[in-house]
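Trainee: Hi! Could you walk me through this one?
Mentor: Happy to, let's open it up.
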Amino acid sequence: MSRRAAPPGTRHPSPWLMLVAAMVAQVTATAVVSTPLLLIPHLHLDEGLSLVASGALAAAPLVGTLLTLVVWGAIVDRVGERIALSSGLALLVAGCAVALAGARADDAIVLALGFGLCGVAAGSSNSASGRLVVGWFPAHRRGLAMGIRQTGLPLGVGLAALVVPAAVQTRGVAWIVTLCLVVAAVATVFIAVTVVDPPRHASEDPSGGANPYRGDRRLARIHAASALLVIPQYVVWTFMLLWLIDRHGWSAAAAGVLYAVSQVLGAAGRIGAGWWSDRVGDRLGPMRQVAVAATAVMLLLALLEGSPVAVAIMVAATMITVADNGLAFTAVAEIAGSRWSGRAFGIQNTGQYLTSAAVPPVVGAIVQYAGYGWAFAAAAVFPLAAIACVPVATRR
């Protein structure tokens, strides 16, 4: 069964309302799957878990997501954005319920399984919300719109950072997971009654429905570059809280506030990068320059990580290392076309989640045995390699 466009005469919703819906889905899924990552300081410093073990718990939702992203992309291509988003968020509620059972029983395995299921559910928002934005916005406004949509990731992490580090100290893990369940349930209802699938216009599909990977290496190169660029992003996201508390003596509450502020700045960076790409009519040239900046800021952080100025550098790193995401997603959608963009988003996200899932345990081991400076220096290698992977700038 192929997806059908809205019949003639159907009243189209506001593209901005669809953007809001896409962001609600993305923020909700991101906040939930970021929760175990933000539990690392509590688990490591208060409960005595090793960084490798607590990092493995944080990686559980990433593993769940990367295993199912291409499947979700195919589902979106087949049945449309509304069904994919609604079913994905309903599955997120189920995952939170399993995680809650694990938290109440103090069973780390069940807790990890629940968050892993949440990761599976989150894959729907990664593919479907991007398709929703691309489908409802014209090309000359698409970079900005996708940049705004991509703020759902840092905003979701930032909102979780405002709640999780401080509340887990007094209320416990079960209370945190219950809050995740309630938020996911509300978002599910909102998406089900709001989202309308965008019409599909064959004239706007550059591939004409053919496989865009055949005879064209641009998509593969974008996927590779994005997988490399997400590594410093997840290094910063995963270890900023612990670094502030452990290395610089901040309280958990103060560190959570700065973490949230840095995520808002990261969201602004994504919007700015999208606006920039619309102005120049080019997604990939700006993406390459972001890779250069990410390399520089991670090297600077590695050299100065023990000094007071390092906190400002860390905040800058949270802004720079996320700025490429919207550029890459927009380029992927425009090259793949409407009939393949769901699967292309799935492949794009799979590469990113495959590399990012390794970050918490692997970088945790580097921090534990070599220190933060070496971990940040290692993270700088990957955006350096990404510079060569970004294909020649492709204009609209």
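Predicted model: local features only at pLDDT ≥ 70, side-chain atom pairs only at ≥ 80, totals over all residues.

Trainee: What length should α10 have, and what are its end C-alpha atoms apart?
Mentor: The helix covers residues 218–246, and at 1.5 Å a residue its 29 residues should span 42 Å. The end C-alpha atoms are 42 Å apart, which agrees.

Trainee: Where does α10 bend?
Mentor: At Phe-239, by about 50°.

Trainee: Switching to rings, how many aromatic pairs are there?
Mentor: The count comes to three aromatic pairs. One of them joins Tyr-234 and Trp-237, and that pair is tilted, with 5.4 Å centre to centre and 50° between the planes.

Trainee: Where do Tyr-234 and Trp-237 lie?
Mentor: Both are in helix α10, three residues apart, about one turn of the helix. An α-helix has 3.6 residues a turn, so residues three or four places apart point the same way.

Trainee: Is Tyr-234 buried or exposed, then?
Mentor: Tyr-234 is buried, because its relative accessible area of 9% is under the 20% cut-off. Trp-237 is buried as well, at 3%.

Trainee: Which residues form an aromatic cluster?
Mentor: Trp-243, Tyr-372 and Phe-376 form one.

Trainee: Last one: what sits over the ring of Trp-175?
Mentor: That would be the charged end of Arg-171, 4.7 Å from the ring's centre.

How values were computed. Residues numbered from 1 in each chain as written. Heavy atoms only, no water. Helix = DSSP H or I, 4+ residues; strand = E, 2+ residues; numbered from the N terminus. Expected span 1.5 Å × (residues − 1). Bend = angle between axes of the 7 residues up to and from the residue. Phe/Tyr/Trp six-rings, centres within 6.5 Å; stacked < 30°, edge-to-face > 60°. Buried < 20%, exposed > 50% of the residue type's maximum accessible area, 1.4 Å probe, protein only. Lys NZ or Arg CZ within 6 Å of the ring centre and 35° of its normal.
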